Amino acid sequence: MSFDHRIFNFAAGPATLPEEVLKQAADEMLNWRGLGTSVMEISHRSKEFMEVYEEVVQDLRALMNIPSNYEILFLQGGGLGQNAAIPMNLMPLAKNGPRADYIVTGIWSEKSYKEAQKYGIANLAASSAAEKFNTIPPRDTWELSDDAAYVLYCANETIGGVEFPNVPDVGQTCLVADISSNFLSKEMDVTQCGVWFGGVQKNIGPSGVTIVIVRQDLIGHSMGITPLIWDWSIQAGTQSMINTPPTFSIYMAGLGFKWLLKQGGVKVIEKRNKEKADLLYSYLDQSSLYENRVTKEYRSRMNVTFFLKDESLNAEFLEQSNAAGLVALRGHKAAGGMRASIYNAMPLEGVKTLVEFMRDFERRA
Ligand SMILES: *Cc1c(COP(=O)(O)O)cnc(C)c1O
């Protein structure tokens, strides 16, 4: 199949990757580093792969400015796996039996909250379910426990399109952030959370690896039932290689990190992400056909959700946008409507083309 240019892919994850990254992976596929083999065919314990691994860790440390008292783990099982691993590794730190607080602002944090109930007391400290997950409950309404091991929140709700503009303040309690869908999209002060976690398939690389960034003093307290592969102390002690790691995903994430460093790092991409999101939201706000329903200050810069006020036009909108090379705009089935995921790798040109299409569609509607 031949083509002039790639489609603009607004999928929520797995999601679009930088073209340069894909080209480099393709170029290196048959003969990686002159070894006459691809990177995915060599041992994870080989000198060559260990070099890649060290570089991937170093580059992520540089990109996020991760202090040396934080470990970086490359695990499997996705964000959902960590929903179980987090209570198993942290709940024993609670003073009066296993307990943690959950802030539920959408479908992902709700899943985290439900999973945690298997391992101890998960306290629903705040929820925006009654507001259809279109907002974030004001901080002064949160009912935090005195004796929770941690407070978990989702920094960006991928399905609803709701994002915390800042890391919330929970005092001395350890904060755990799900950053699956806004990883490396903006500057984050790593010291503000005890744990940051997320799969790389939204904003960094292909699916297969989940990154956990965890402060050292939080490691080594796991429940006896914790599976080896999710025990942070075991994984921290073996460079995340207690078993075979997803080597190709780690290598691809590394190419993603190099690409981001070449762009100028997180500060530069943050500016670009803001510009893309502002362009789309300002168009939505003046439109009489489309609307975004999220409280303005909590709108996601990564996942822009919108509805056609006349929903009978949905099928036509999707058909025509698809034909125009603007794909995967259908919203998550739990939310309905539309969603444009505009992660780091989505060029400004893609968002401009989308806005032009939407304007044209509105004119014709
Ligand atoms: C995608 C996503 C998850 C689930 O990640 P998996 O890697 O598919 O398990 C969790 N949280 C958020 C915010 C997500 O976007």
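A residue is called buried under 20% relative accessible area, exposed over 50%, and partly exposed in between (1.4 Å probe, protein chains only). The model is predicted: local features need pLDDT of at least 70, side-chain atom pairs count only at pLDDT 80 or more, and totals for chains, interfaces and linings use all residues. Residues are numbered from 1 along each chain as its sequence is written, and side-chain values use heavy atoms, with hydrogens and water left out.

Strands are DSSP runs (E, at least two residues), as are helices (H or I, at least four), numbered from the N terminus. Strand β5 spans residues 150–154, and five of its five residues are buried. Both of its faces are covered. Tyr 150, Leu 152 and Cys 154 lie on one side. Val 151 and Tyr 153 lie on the other.

Two strands pair if DSSP finds at least two bridges between them. Strand β3 (residues 99–104) pairs with β5 in the parallel sense, over two bridges. Here Tyr 102 has Leu 152 as its bridge partner in β5. Strand β8 (residues 174–178) also runs parallel to β5, joined to it by five bridges. Leu 152 has Val 176 as its bridge partner in β8.

A disulfide is a pair of cysteine sulfur atoms within 2.5 Å. The whole structure contains zero disulfides. Cys 193 is in no disulfide either: its nearest cysteine sulfur, that of Cys 174, is 7.8 Å away. Cys 154 is buried at 2% relative accessible area, and Cys 193 is buried at 1% relative accessibility.
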